[in-house]
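Have a look at the model first, then read on.

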Amino acid sequence: MTWTSLNAWVAAPEIFLLCATCAILLLDLFISDAKRHLTYVMTLATLAITFALVLMGHEPHLRFAFNGLYLVDPIADFAKLAMIVGVALVLIYGRSYAMARGLFRGELFTLTLFSLLGMMVMASSVNFLALYVGLELMSLSVYALVALNRESFASTEAAMKYFVLGALASGMLLYGVSMLYGSTGSLDIFAVSHAIQAGQANNLLAVFAIVFIVTGLGFKFGAVPFHMWVPDVYQGAPTPITQLIASAPKAAVFVFSLRILAQALEGFAPDWRGMLMVLAVLSMGLGNITAISQTNIKRMLGYSTISHMGFVLLGLLVANPLGYSASFFYIVSYILMSAAAFGIIMLLSRQGFEADQIDDLKGLNQRSPWFAAMMLFTMFSMAGIPIFLGFFAKLAILKVVVDMGLVPLAVIAVVFSLIGAFYYLRIVKVMYFDDAVDSSPLIAGNDAKLVLSINCLLLLVLGFMPDGLMNLLSDAVSQSFTSLPH
């Protein structure tokens, strides 16, 4: 390895993020609780600079670093931008919530930044060991964040469940990777792909590897039947951490899946497509049907996430750049939608009161017509009502599925979406047609209210003109796949 092959400048955003996070970790030791907002400002500044570095380094072609271990391509760049925005929204929306519950501590900021670093490493690694290091850095940080409220039994229970099941899924993923290494003799994604295409791989061992790898990926997506952790963790974790789990990591897992399935295991697409098809149908079915009976809104959104990930898997199983583009567009749309939903839940919460029951939204229109309208936008978008962003995200997936000739699959997706619309519209009914049981004012910083309003309005504005975002992500996917080394 030489300085030229190291090419470390390609990973400048990650290197800066690591150094800045370590600096914040040390500086926070000397900051009193009364001045903790300084840590908050430093964290947001770190995110802003990392965002700028990713943007400045963006190029339409592939750039390798660390002797081929690390790849920065347009997919990785846009996924990283989505992750950074997702994490920034968590901190902005969750500030008042965290301060009221004694969670506004250095650990919240440093663990969140470390989890983001893990996500960014996942997005750019093209070696299975580097991918796994990124995955574990993200996962371990999130496990700790779920248990951040040490006085809450529900948080501790959720963190233990998440940790145990997550460790099991990581073990399965690693076992699959070890089988793939035995089958192809390499841990490099492109070398694995070449061995499979050239017929040099042990096919039986590789198919077993795919089963374990898809199991691990299914857990990280929260797809049925590997969804057991989702509702419990969403309900038990502090709401800002639930928002974090629901947003940025989804983009990381999506790119992680692309690297493994679409790039390394492209030659075995017929095998993993069938598995993803089963996961997608089960996720859309169980997610939407079970969400109907929930009374806790965080738990309901957990089941909602399962159904949304079913749609993402539909795009992946198409197994061509058009399908990957549709899934990417869906993931970015979902990050905006889930951030808005959890932002409003935190807006309604206050010291000593968690607004996590659907009944807590009763009469929101009487308390705050503006934020009732913002929640309506969010729910309509999640339900896939036309003119909102969520509709076009679903339409993009359905179009590529139909173009592949998988019409029955598209019909199943539409039917389950119609079932899912019920529980989203129930939220709207509760806000507008039920009498308010709580007349307390909405307590949050003006910055959170402003950003939350912009976030919700984007769901409508991007719904009117989705082509810009769709073309941007589609170009990123096509540039990344046409430039792949063969």
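## Helices α7 and α10

Let's start with a helix pair in this predicted model. Helix α7 and helix α10 (residues 229-236) pack with their axes 8 Å apart, at an angle of about 150°. The crossing of α7 past α10 is left-handed.

Which residues of α7 and α10 make the contact? On the α7 side they are A154, S155, A158, K161, Y162 and L165, and α10 brings W229, D232, V233 and G236. Sorted by class, this contact of α7 with α10 comes to 6 nonpolar, 2 polar and 2 charged residues.

The loop between α6 (128-146) and α7 (153-184) holds N149. Is N149 buried or exposed? Its relative accessible area is 19%, and buried means under 20%, so N149 counts as buried.

Setting aside neighbours within four places in sequence, N149 is in contact with L103, S155, T156 and P238. S155 also turns up among the α7 residues in the contact with α10.

## Q243, in α11

Q243 sits in helix α11 (residues 239-246). With a relative accessible area of 0%, Q243 is buried.

What does Q243 touch, if residues up to four places away in sequence are not counted? The list runs G86, L89, V90, Y93, A339, F342, G343 and M346.

## The largest nonpolar core

Now for the greasy part. The largest nonpolar core has 187 residues, and the ones touching the most other members are M83, V146, L265, W272 and L314. Helix α15 (residues 321-348) gives the most to this core: 20 residues. As background, nonpolar side chains tend to be buried together in soluble globular proteins.

Take M83 from that group. Leaving out residues up to four places away in sequence, M83 touches L116, M119, M120, A123, A248, A251 and A252.

## Helices α14 and α18

Helix α14 (residues 297-317) packs against helix α18 (residues 389-403) at an angle of about 40°, and their axes are 9 Å apart. That angle is why α14 is oblique to α18. The crossing of α14 and α18 is left-handed.

From α14, the contact draws on H308, F311, L314 and G315, while α18 supplies K394, I397, L398 and V401. By class, the residues in this contact of α14 with α18 are 5 nonpolar, 2 polar and 1 charged.

Key
Residues numbered from 1 in each chain as written. Predicted model: local features only at pLDDT ≥ 70, side-chain atom pairs only at ≥ 80, totals over all residues. Heavy atoms only, no water. Axes fitted to C-alpha atoms, helices over the stretch in contact; angles between N-to-C directions. Helix = DSSP H or I, 4+ residues; strand = E, 2+ residues; numbered from the N terminus. Parallel < 35°, antiparallel > 145°, perpendicular 65-115°, else oblique. Left-handed = near helix turned anticlockwise from the far one by under 90°. Contact = heavy atoms within 4.5 Å. Nonpolar A, V, L, I, M, F, W, Y, C, P; charged D, E, K, R; others polar. Buried < 20%, exposed > 50% of the residue type's maximum accessible area, 1.4 Å probe, protein only. Core = buried A, V, L, I, M, F, W, Y, C linked by side-chain atoms within 4.5 Å.
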